[in-house]
Amino acid sequence: MKIVACNSNRPLAEAVAASLGLPLTSASVRRFADMEVFVEIDENVRGEDVFVIQSTSYPANDNLMELLITLDALRRASARRVTAVIPYFGYARQDRKSGSRTPISAKLVANIITTAGANRVLTMDLHAAQIQGFFDIPVDNLFSAPLFSRDIMERYKGRDLMVVSPDVGGVVRARAMASRLHTDLAIIDKRRPRAGVSEVMNVIGEVEGRHCILVDDIVDSGGTLVNAAEALIKNGASGVSVYVTHGVFSGGAVARVGASPIENMTVTDSILATEAVRVSSNIRQVTIAPLLAEAMRRISEESSVSSLFN
């Protein structure tokens, strides 16, 4: 078993390798003067079970090309099996035609990754579960719910909790978390009365006097979660905390979260934290390295991955 790290989130790759007690495979992933990506594997990988760790986060296209060229290099180096470990799968939000003459980019990226040489994919909290079906190779989709539920029980022990989905699309994810915590579920219903008019936030559920835990898979601009937190406080919630798997934090998202009623936002290290995230007073990271490491070990040993979440 060998582990190759690309450049999008090297600290996570190093933490995974440390959890497995293995060194990272020596490889060079660099740019030519015109920014073309060049990859050279400096060790023999013939007949090896190789895992390539690379999130396709910002800059998404550069990181995706690094992954693809690394997969191609390993295939041509006669690796026995190559697993693309993609903690954050970019383009996942483009999982359907959102209008006339628009692409389904998640399917395109799945095709490219397969063609480049991946034999299987290991990822985490896909934006839409059906993306697993876009691949013609095995896909293991890990869940952050066990990690988050343990953290919530430790940090908010004794509080009257309620899990909240920030939109109707996230109800399945929030319901699973509420089931793990043995607590109630509320839903934020977003409605835009007409074009150009701000959304009206309706809270479905009795949140008065309860500490609300908003659960989502991605925080990008932060607008939805901040608006949801404000709506919950307006409806009498005693406090609001947020648990999100992938901290994209584009634009002024960190400042927006910092100025919001959100007491604490917890994200994983699936995406490398920026300096703004690291110094934020109400954003914290928890690591997924042990979870990824255990899943990779089980894949290499051909044992069950799904039992991780029983």
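Trainee: Where does Asp 220 lie?

Mentor: Asp 220 sits in the loop between strand 11 and helix 6; helices (H or I, at least four residues) and strands (E, at least two) are DSSP runs numbered from the N terminus. This is a predicted model, where local features need pLDDT of at least 70, side-chain atom pairs count only at pLDDT 80 or more, and totals for chains, interfaces and linings use all residues. Residues are numbered from 1 along each chain as its sequence is written, and side-chain values use heavy atoms, leaving out hydrogens and water.

Trainee: Is Asp 220 buried, exposed or partly exposed?

Mentor: Buried means under 20% relative accessible area, exposed over 50%, and partly exposed in between (1.4 Å probe, protein chains only). Asp 220 is partly exposed because its relative accessible area is 24%.

Trainee: Which residues is Asp 220 in contact with, leaving aside neighbours within four places in sequence?

Mentor: Contact means heavy atoms within 4.5 Å. On that basis, Asp 220 meets Arg 93, Val 248, Phe 249, Ser 250 and Ala 253.

Trainee: Where does UniProt place the feature "binding site"?

Mentor: UniProt positions follow the numbering used here, feature names are shortened, and annotations may be inferred rather than shown by experiment. The unreviewed UniProt entry gives Arg 192, Asp 216, Asp 220, Ser 221, Gly 222, Gly 223 and Thr 224.

Trainee: What about Thr 224?

Mentor: Thr 224 belongs to helix 6. With 27% relative accessibility, Thr 224 counts as partly exposed. Not counting residues up to four places away in sequence, Thr 224 touches Pro 166, Lys 190 and Met 201.
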